[in-house]
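Please read this note beside the sequence and the structure.

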Amino acid sequence: MSTAKKPIQIPNAPAPVGPYSQAILKDNTLYISGQIPLNPNTGLLEMDHIEQATHRVLQNIGALLQEAGFSYHDVVMVSIFMKDLGEFSAMNQVYASYFEGVAPARQTVEVARLPLDVTIEISCIAQKWPKNAAMIWVS
């Protein structure tokens with residue numbers, strides 16, 4: 001049976017700057033809106049370099065995952081939007097430190113502009129299987 005969608009709104013991730021939720025939990029799937037390198041405690045952007053910005057974005061995502069009872073291990077899809085793909089390697093090193101084991105599916109694209117003129121924005125989808133769900137393996 002399907003459940004209603006539940007908004008996830010927390011103070012440990014940047015507040016939405018428009019008509020959207022930080023994240024939506026629907027059944028066993030969590031949809032996290034694009035996060036930027038905004039420190040929710042100070043209200044300041046943390047993007048002196050791409051490594052710092054990537055850490056801040058993934059920390060914001062981690063706070064939302066935790067609030068909904070998920071972890072980085074549950075992330076199945078990630079979308080990354082970067083202002084400069086020349087910084088891809090440095091971003092990727094930081095990104096890899098958050099995802100151990102099987103990495104989620106991912107796409108990374110360069111864009112002309114992002115909200116607040118940030119250098120990176122990341123959104124993701126996480127999924128948890130109920131403990132009593134049967135697993136089907138395809139080989």
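**Notes on the predicted model**

1. Lys-26 is partly exposed because its relative accessible area is 27%; buried means under 20% relative accessible area, exposed over 50%, and partly exposed in between, with a 1.4 Å probe and protein chains only. This residue belongs to strand β2, residues 23-26. Helices (H or I, at least four residues) and strands (E, at least two) are DSSP runs, numbered from the N terminus. Not counting residues up to four places away in sequence, Lys-26 touches Ser-2, Thr-3, Ala-4, Lys-5 and Tyr-31, where contact means heavy atoms within 4.5 Å. Between the C-alpha atoms of Lys-26 and Phe-81, which are 55 residues apart along the chain, the separation is 24 Å.

2. On the basis of the note: this is a predicted model, in which local features need pLDDT of at least 70 and side-chain atom pairs count only at pLDDT 80 or more, while totals for chains, interfaces and linings use all residues. Residues are numbered from 1 along each chain as its sequence is written, and side-chain values use heavy atoms, with hydrogens and water left out.

3. Which way do β2 and β3 run relative to each other, parallel or antiparallel? They run antiparallel and are joined by four bridges; two strands pair if DSSP finds at least two bridges between them. Ile-24 stands opposite Tyr-31 in β3. The two strands form a hairpin with two residues between them, and Asp-27 in the turn has a positive phi of about 55°.

4. Strand β3 also pairs with β6, in the antiparallel sense and over five bridges. Here Leu-30 has Ala-126 in β6 as its bridge partner. Strand β6 pairs with β4 as well, again antiparallel, over seven bridges, and Val-78 stands opposite Cys-124 in β6.

5. The pairing of β4 with β5 is parallel and covers six bridges. Met-77 stands opposite Ala-105 in β5. Together with α2, these strands make a right-handed β-α-β unit. A crossover is right-handed if, with the strands pointing away from the viewer, the path from the first strand over the helix to the second runs clockwise.

6. Which residues of α2 are buried? In this helix, residues 88-96, they include Met-91, Val-94 and Tyr-95. Seen down the axis of α2, its buried residues fall within an arc of 100°, so they line one face of the helix; the arc is that of the directions from the helix axis to the C-beta atoms. Among the elements that cover the buried residues of α2 are α1 (50-67), β4 (75-82), β5 (105-110) and β6 (120-127).

7. Gly-86 sits in the loop between β4 and α2. Gly-86 is exposed, because its relative accessible area is 66%.

8. Gln-22 lies in the loop between β1 (6-8) and β2. Gln-22 counts as buried because its relative accessible area is 2%. Leaving aside neighbours within four places in sequence, the contacts of Gln-22 include Ile-8, Pro-14, Tyr-31, Gln-35 and Leu-64.

9. How many salt bridges are there? The count comes to two, a salt bridge being a side-chain nitrogen of Lys or Arg within 4 Å of a carboxyl oxygen of Asp or Glu. One joins the side chains of Glu-46 and Arg-56, at 3.1 Å from N to O. This pair links distant parts of the chain, ten residues apart: Glu-46 is in the loop between β3 (29-35) and α1, and Arg-56 is in helix α1. Arg-56 counts as buried because its relative accessibility is 12%.

10. Arg-113 forms a salt bridge with Asp-117, and their closest N and O atoms are 2.6 Å apart. Arg-113 counts as exposed because its relative accessibility is 63%. Asp-117 is partly exposed, because its relative accessible area is 32%.

11. Asp-74 lies in the loop between α1 and β4. Asp-74 is buried yet has no salt bridge, and the nearest side chain of opposite charge, Lys-128, is 4.1 Å away; Lys and Arg count as positive and Asp and Glu as negative, while His and the chain ends are not counted. Apart from neighbours within four places in sequence, Asp-74 is in contact with Ile-125, Ala-126, Gln-127 and Lys-128.
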